[in-house]
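Morning, everyone. Have a look at the model first.

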2 protein chains.
Amino acid sequence: VLDEPDFPALGAARVAIVGLGLMGGSLALALRGQCAELIGADVNEVALLAAVERGVVDRAAAFPMRDCDLLVLAAPVRVILAQLAELAQWPGPARPITVLDLGSTKAQIAAAMSALPAGYHPLGGHPMCGKETSGLDQAEGRLFRGRVFVLSPLERTPPGALRLAQALVEAVGALPCHLEAERHDRLAARVSHLPYAAAAALVRAAETLPDEHVWTLAASGFRDTSRLAASEVSMMLDTLLTNRPAVLDSLRRYRAELDDLARLLEAGDEPALRAWLTAARERRRGLFQT
Amino acid sequence: VLDEPDFPALGAARVAIVGLGLMGGSLALALRGQCAELIGADVNEVALLAAVERGVVDRAAAFPMRDCDLLVLAAPVRVILAQLAELAQWPGPARPITVLDLGSTKAQIAAAMSALPAGYHPLGGHPMCGKETSGLDQAEGRLFRGRVFVLSPLERTPPGALRLAQALVEAVGALPCHLEAERHDRLAARVSHLPYAAAAALVRAAETLPDEHVWTLAASGFRDTSRLAASEVSMMLDTLLTNRPAVLDSLRRYRAELDDLARLLEAGDEPALRAWLTAARERRRGLFQT
């Protein structure tokens, strides 16, 4: 019988965060004082230095996987995929390292994680708390509080690694939700990636109206409905491209709903139109206070 | 030469507001102390009594057009249309009355206004400050501050009536914007009615995913993008049905943008996809701070 490797409690763990943008920086701030050491890594050396100077992390490291217990990958999805491919090319670590990522899609990352050498104990993660802003300056330790934090363990993920990740989720005040990677991606496509696409298309549709006053009349309704269109393009491009089947399926469903609406409006079918709008209103009012 | 009728300054005007919901109630609160008298009317007698008791209006009147200088119609569009049709069946007032409405669409209202008997001096109005909530309880005097307030004078609108309406817009802290009714409707379809349709379709598209966790993963992005779906259905139904050609045109344009996105994503055309998303992002970031 293979012994389970030894995983430290979060308070005794050295946590390395690779990517100190909005997510990684916020995670570092939220973990302050709750783990043995916070190690930062970022390709942007200016940002990395600033993070050390501001005390967001305890120290910087070019190769943080050398001496950490928990490695958190907090970059856009395709950067995480490249990092995992790189890790897979080298021998595994002498001591067990739990690998958790914060990417917006999980299936391709789970596949890449399954190719990691022994000694790495990977699982996927996704905190549901995006902002349309980015960068360390926007980071805040409260970002995760009360938010759902998806964890996607793989078959190879040992209970100890999952416990450590779960402890991290709870330490930052988030609500853990275990979901298999493909299921996460289908759900995220519908309630996160589709809203982004809808927002961007809305801005573009308004842009095409040849009237100088089109933005004059854009008020709080337009502002909120289009907010996600301001999201960082590289991050969202990675998200859409690594979740294509589910995003395309969501776009098809969305367009079908819009077609139904157009048909009912064209026909002036008031009872059906009222029912269509009312179903959306009732559901939306049940979900959020505003 | 026909003398222009005599229009009072706002401070000397008796203002009657028909419909004391979110818009009418907020207008009353914003006008407090800035006109000679505030008269309220509402089919909902309980709400009307509450408005008098709370001092939102000075008094209630069943037929407020009998002794007011400025009649403000603050109901959903098709209710306003019915009110205008009713006014058109009776002889005009002995003293000039400026008639201003706050409806979300302007072309059908302008047509109904042009049938009013002499003595009424109508023009359209639309403050661009909706909320997804409704009712007098939600009313607030600051609602109009800094917001665009469209005024759509008709050919028959005398300068004095326009001046009085303009004084009202400025008194509530809004920014007047003069737009011809059809032009207003085309613009509002694109930046107000389309966002509502997009939000409602988004809720419906998520609803169709057969997974109990679909709402678990709906976070702030979904919340904001779908906010307008919670709008009052009767009000929005009136809006869509009285602006059908422009709303259908906006839906077509929106649908075309979504089709483009799906095509680029399906093809995996990364440069074109990046350009498509970047154009939306740049425009959105130029419009609002968040």
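How many residues does helix 10 of chain B have, and how far does it reach from its first C-alpha to its last? Helix 10 (residues 270-287) has 18 residues and reaches 26 Å. That is close to the 26 Å expected at 1.5 Å a residue, where the expected span is 1.5 Å times one less than the number of residues. Helices here are DSSP runs of H or I, at least four residues, and strands are runs of E, at least two, numbered from the N terminus.

Ground rules, quickly. This is a predicted model, with local features needing pLDDT of at least 70 and side-chain atom pairs counting only at pLDDT 80 or more, while totals for chains, interfaces and linings use all residues. Residues are numbered from 1 along each chain as written, chains are lettered from A in the order written, and side-chain values use heavy atoms, without hydrogens or water.

Back to the helix. Which residues of helix 10 of chain B are buried? They are B:L273, B:W276, B:L277, B:A280, B:R281 and B:R284. Buried means under 20% relative accessible area, exposed over 50%, with a 1.4 Å probe and protein chains only. Those six cover an arc of only 125° around the axis, which puts them on the same side of helix 10 of chain B. The arc is taken over directions from the helix axis to the C-beta atoms. On the other side, B:P271 and B:G286 are exposed.

What do the buried residues pack against? In chain A, helix 6 (181-207), helix 7 (220-226) and helix 8 (233-241); in chain B, helix 9 (244-267). At the start of helix 10 of chain B, a side-chain oxygen of B:D269 comes within 3.3 Å of the backbone nitrogen of B:A272.

Now the interface. 90 residues of chain A are in contact with 90 of chain B, contact being heavy atoms within 4.5 Å. The two chains bury about 8,800 Å² between them, 67% of it on carbon and sulfur atoms. That is accessible area lost on being put together, 1.4 Å probe, summed over both parts. A:R204, A:L217 and A:L265 supply 8% of what chain A buries against chain B, more than any other three residues.

Charges next. The rule finds 14 salt bridges across this interface: a Lys or Arg side-chain nitrogen within 4 Å of an Asp or Glu carboxyl oxygen. In one of them, B:E270 pairs with A:R78, closest N and O atoms 2.8 Å apart.

Conventions. A polar contact is a pair of N or O atoms within 3.5 Å; within protein, one must be able to donate a hydrogen and the other to accept it, and residues adjacent in sequence count only if both atoms are side-chain atoms.
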